[in-house]
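Student: Could we go through this model together, with each of my questions answered from the coordinates and the confidence values?

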Amino acid sequence: MPLGRTMMLSQLSETLALPDGSEYRFGGYERADRLELLGVEHLREFRLDDGLPVWEFALAGYVIERRLVFAHLQNTSFIAYRVLEG
């Protein structure tokens, strides 16, 4: 049995659509000559919570939390979102 788990996420593209019709894109792209980070200007906080990454974004009166979660005893991972404010 392995001692730890390793996961590689090559890309995550996200679009947040708000009730007023505005949209915000998030994600990262590695180009041959540069790294393009969408939505990074809205990043309020990054932290590790029990070793797992958590991002908080603040925009247009909302605070959104994005969390990487691993299912217990499964080879499953997912991204969980929560609206903290707004």
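Predicted model: local features only at pLDDT ≥ 70, side-chain atom pairs only at ≥ 80, totals over all residues.

Tutor: Residues are numbered from 1 along each chain as its sequence is written, and side-chain values use heavy atoms, with hydrogens and water left out.

Student: In which strand is the confidence highest?
Tutor: The predictor's confidence in each residue is given as pLDDT, from 0 to 100, and the chain averages 88, with 93% of the residues scoring at least 70. Confidence is lowest in strand β2 (residues 23–30), at a mean of 87, while the highest value, 96, belongs to strand β4 (residues 43–49), so the strand asked for is β4.

Student: How many helices and how many strands does the chain have?
Tutor: Both kinds of element are DSSP runs numbered from the N terminus, helices being H or I over at least four residues and strands being E over at least two. From the N terminus on, the elements run β-β-β-β-β-β-β, and the C-alpha trace spans about 50 × 35 × 20 Å along its principal axes. The count is 0 helices and 7 strands.

Student: Which residue of β2 is the bridge partner of serine 13?
Tutor: Strands β1 and β2 run antiparallel and are joined by 5 bridges. Within β2, the bridge partner of serine 13 is glycine 27.

Student: In the hairpin of β4 and β5, which residue takes a positive phi?
Tutor: Strand β4 pairs with strand β5 (residues 52–59) in the antiparallel sense over 6 bridges, and arginine 47 stands opposite valine 54 in β5. The hairpin has 2 residues between the strands, and the residue with a positive phi, near 55°, is aspartate 50.

Student: How many residues apart in sequence are the parts that arginine 66 and glutamate 14 tie together?
Tutor: A salt bridge is a side-chain nitrogen of Lys or Arg within 4 Å of a carboxyl oxygen of Asp or Glu, and arginine 66 forms one with glutamate 14, the closest N and O atoms being 2.2 Å apart. Because arginine 66 lies in strand β6 (residues 62–70) and glutamate 14 in strand β1, the pair ties together parts of the chain whose separation in sequence is 52 residues.

Student: Is arginine 66 buried or exposed?
Tutor: Buried means under 20% relative accessible area, exposed means over 50%, and partly exposed lies in between (1.4 Å probe, protein chains only). Of the 86 residues of the chain, 22% count as buried, and glutamate 14, with a relative accessible area of 11%, is buried. Arginine 66 has a relative accessibility of 11%, so it counts as buried.

Student: Which residue forms a salt bridge with glutamate 65?
Tutor: Glutamate 65 counts as buried because its relative accessibility is 3%, and it belongs to a salt-bridge network that also includes Arg44, Glu45 and Asp49. In the pair asked about, the closest N and O atoms are 3.1 Å apart, and the partner of glutamate 65 is arginine 82.

Student: How many salt bridges does the structure hold?
Tutor: Another of the pairs is formed by the side chains of arginine 31 and glutamate 36, at 3.2 Å from N to O. Arginine 31 counts as partly exposed at 38% relative accessibility, and glutamate 36 counts as partly exposed at 22%. The structure holds a total of 11.

Student: Which strand gives the most to the nonpolar patch?
Tutor: Patches are made of residues with over 30% relative accessible area and no salt bridge, like charges being joined within 9 Å and nonpolar side chains (Val, Leu, Ile, Met, Phe, Trp, Tyr) within 5 Å. Leu35, Leu37, Val40, Leu43, Phe46 and Leu48 form this patch on the surface, with about 580 Å² of accessible area together, by the Shrake-Rupley method with a 1.4 Å probe, where for residues only the protein chains shown count as cover. The elements that give two or more residues are β3 (35–38) and β4. With 3 residues, the strand that gives the most is β4.

Notes: Pairing = 2+ DSSP bridges.
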